[in-house]
Amino acid sequence: MTQTLTLRRPDDWHLHLRDGAMLRAVLPESARHFARAIIMPNLVPPVVTSHDAQAYRDRIMAARPEGVDFTPLMTLYLTEQTDPDDVAAAHASGLISAVKLYPAGATTNSASGVRDFDKVRPVLEKMAEIGLPLCVHGEVTDADIDIFDREAVFIDRVLDPVRRATPGLRVVMEHITTRDGVDYVKANDRDLAATITTHHLVINRNHILVGGIKPHYYCLPVAKREEHRLALRAAATSGDARFFLGTDSAPHTDPLKESACGCAGCFTASNTMSILAHVFEEERALDRLESFTSLNGPAFYGLPANDAQITLTKGDPVTYPDKIETEDGPVTVFDPGFALHWQVS
Ligand SMILES: NC(=O)N[C@@H](CC(=O)O)C(=O)O
Ligand SMILES: [Zn+2]
Ligand SMILES: [Zn+2]
């Protein structure tokens, strides 16, 4: 008997769609399965003002293939110059769903991010007042902090002090990669949640480095030790409403990845649902996949879950392209390293 699994249509609470030719190429990969996505604002130049967000939203809508039902949920890139009133107006009009905090220098296109947290205090206070979530790339950038410790140190030195200083601020810790991140979320019962990526449920740091360097497994925050991957799997499959899917699908062309100084990011939009079904089945948690992909995220963001459904069917190995072609060059699809048997029908 074929095994099937029907879920409410999933959403992606952390997605990079980029712009131009790349946007046109990758958007269909997400829209095929996902109804909505929180769109990251780290373009060059970044999406800083409500005016920028409106224009970017228009470009995304124009890039949607005919007949595709996909809603981009826009974000603003927090800078030390961000105007609290512009943020409040963008929220009030329904244009934005969150503001994104990049510590300056932490990741791809984060140079305009925050260095001095005192400078963004008025924006954060306004956001707490109006209930607008802050999505956080949680890594310190200090040269003396080991890259594998940067998430844990960020929680202690930045995130916890900022949250204490701004009561009521709603925070999503994006793409957590450590047990420390899981534990910090679990220790707080209000105003805090975390997204978990597909790839961090699959790879640990050995996958990047053992047997030769694998540039397509390099992303930020970098994958950690196996114990951390297991903590992420336990959190994602627990059903705990504070954890939900944010793929962080982040396309870079192959020449930019397979380079002496390769870009950070894994492109998982195409096969995420098949991989997640595999992971949840391994964890004997298929009955909790819907919470992770389709229920917990909307609940945190105060949105209804999608009415539409998708069905996954288990069968022969699923085939999917190794790469998608774009006018900018090929983009390699994340290879989980095992055969996938769950297919979205
Ligand atoms: N995750 C990544 O490795 N890269 C992201 C940026 C980010 O989400 O930090 C990108 O924009 O390429
Ligand atoms: Zn990030
Ligand atoms: Zn990202």
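Predicted model: local features only at pLDDT ≥ 70, side-chain atom pairs only at ≥ 80, totals over all residues.

Trainee: Okay, is His 137 buried or exposed?
Mentor: His 137 is buried: it has 24 other C-beta atoms within 10 Å, and the cut-off for buried is 20 or more.

Trainee: And where does His 137 sit in the fold?
Mentor: In a loop, between β6 (134-136) and α5 (150-165).

Trainee: Why start with that residue? Which positions does UniProt list for "binding site"?
Mentor: The unreviewed UniProt entry lists Lys 100, His 137 and His 175 under that label. They're spread over 76 residues of sequence but cluster in space, with a largest C-alpha distance of 12.7 Å.

Trainee: What does His 175 touch, then?
Mentor: Beyond its neighbours within four places in sequence, His 175 contacts His 14, Thr 195, Thr 197, His 200, Pro 221, Gly 246 and Asp 248. His 175 lies in the loop between β7 (171-173) and α6 (179-186), and it counts as buried because 28 other C-beta atoms are within 10 Å.

Trainee: Switching to the whole chain: how many helices and strands?
Mentor: Eleven helices and 13 strands. The radius of gyration is 19 Å, close to the 20 Å from the globule rule for 345 residues, so the chain is as compact as a globular protein of that length.

Trainee: What share of the residues is buried?
Mentor: Of the 345, 49% count as buried. Also, 72% of contacts between residues at least 6 apart in sequence join residues at least 24 apart.

Note on methods
Residues numbered from 1 in each chain as written. Chains lettered and ligands numbered in written order. Helix = DSSP H or I, 4+ residues; strand = E, 2+ residues; numbered from the N terminus. Rg over C-alpha atoms; globule rule 2.2 N^0.38 Å. Buried ≥ 20, exposed ≤ 12 C-beta atoms within 10 Å, placed from the backbone. Contact = placed C-beta atoms within 7 Å. UniProt positions renumbered as here; feature names shortened; annotations may be inferred.
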